[in-house]
Amino acid sequence: MCLLLSITQAHYQKENNTCNPQITVQTQMQLTKNDIFGVLQNDRRRCVLEILRSQGRQSVRSLSDEIARIESQAEEPKENIRKSIYVSLLQTHIPKMESLGIVAYSKEQDTVELLPASRDFDIYMETVKNGDIPWSQFYLDLSILAIVGSLMIFSGLIKCISSFQWIFFTIGIFMATSIAHMYYVRKLGK
């Protein structure tokens with residue numbers, strides 16, 4: 001594993017008005033795929049990343065309350081569930097993520113915030129709602145359609161569409177979906 005002096009973290013803290021002496025002189029690790037998948041394989045760690053990404057710095061208490069609502073699917077989860085999640089965040093999940101340089105935990109303020117290394121997770125955390133398909137699957141299906149259509153036109157099975165029309169049609173479809181995808185990704189980032 002490659003260790004680099006974390007000047008970026010000190011700069012990040014200065015820009016975001018965080019003052020945690022534990023992380024100003026800290027090293028930032030180059031995360032491996034095993035590290036990333038090790039973090040993402042746990043539902044609670046994924047929830048922590050998603051909540052911090054969408055809402056910013058949070059107290060451990062509010063993180064545990066939100067995760068308890070998600071896990072129990074209740075607006076007011078039982079106290080023992082919230083407490084269990086709070087303890088597991090403090091004893092297991094936050095220390096693991098902090099040791100990898102993904103989050104910073106302040107004991108004094110009892111808050112957690114994302115560090116720049118958390119951006120390594122963006123590509124792996126594509127959220128897909130029920131009934132939707134991921135963009136990668138959509139592009140694969142669109143490519144298959146383009147190939148099958150091209151083969152049918154070039155072999156003469158479809159004579160009502162010229163190859164010239166088909167090329168412009170497929171280019172237009174790919175352009176439109178790429179623009180839609182770009183808009184969707186920018187919307188998620190805000």
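Q: How many residues apart are glutamate 66 and arginine 69 in helix H5, and what separates them?
A: Helices (H or I, at least four residues) and strands (E, at least two) are DSSP runs, numbered from the N terminus. In helix H5, glutamate 66 and arginine 69 are three residues apart, so about one helical turn separates them. This is a predicted model, in which local features need pLDDT of at least 70 and side-chain atom pairs count only at pLDDT 80 or more, while totals for chains, interfaces and linings use all residues. Residues are numbered from 1 along each chain as its sequence is written, and side-chain values use heavy atoms, with hydrogens and water left out.

Q: In what do the side chains of glutamate 66 and arginine 69 meet?
A: A salt bridge is a side-chain nitrogen of Lys or Arg within 4 Å of a carboxyl oxygen of Asp or Glu. Glutamate 66 and arginine 69 meet in such a salt bridge, at 3.1 Å from N to O.

Q: How many salt bridges does the structure hold, and which parts does the pair of arginine 44 and glutamate 71 tie together?
A: There are six salt bridges in the structure. One of them joins the side chains of arginine 44 and glutamate 71, at 2.8 Å from N to O. Arginine 44 belongs to helix H4 (residues 43–55) and glutamate 71 to helix H5 (residues 60–72), so this pair ties together parts that are 27 residues apart in sequence. Arginine 44 is buried, with a relative accessible area of 19%, whereas glutamate 71, at 38%, counts as partly exposed.

Q: Which residues do salt bridges that share partners join into one network?
A: Arginine 82 forms a salt bridge with glutamate 79, the closest N and O atoms being 2.5 Å apart. Within helix H6 (residues 79–99) these two, arginine 82 and glutamate 79, are three residues apart, or about one helical turn. Arginine 82 counts as buried at 18% relative accessibility, while glutamate 79 counts as partly exposed at 47%. Through shared partners, salt bridges join Asp65, Glu76, Glu79 and Arg82 into one network.

Q: How many aromatic pairs does a search of the whole structure find?
A: A pair of aromatic rings is described by the distance of the centres and the angle of the planes. Rings of Phe, Tyr and Trp (its six-membered ring) pair if their centres lie within 6.5 Å, and planes under 30 degrees apart count as stacked, over 60 as edge-to-face and the rest as tilted. The search finds three aromatic pairs. Among them, phenylalanine 164 and phenylalanine 168 form an edge-to-face pair, 4.7 Å centre to centre with 75 degrees between the planes. In another pair, the rings of tryptophan 166 and phenylalanine 169 have centres 5.5 Å apart and planes at 35 degrees, so the pair is tilted. Tryptophan 166 counts as buried at 9% relative accessibility, and phenylalanine 169 as partly exposed at 43%.

Q: How many helices and strands does the protein chain have?
A: The protein chain has eight helices and five strands. Of its 190 residues, 35% count as buried.

Note on methods: Buried < 20%, exposed > 50% of the residue type's maximum accessible area, 1.4 Å probe, protein only.
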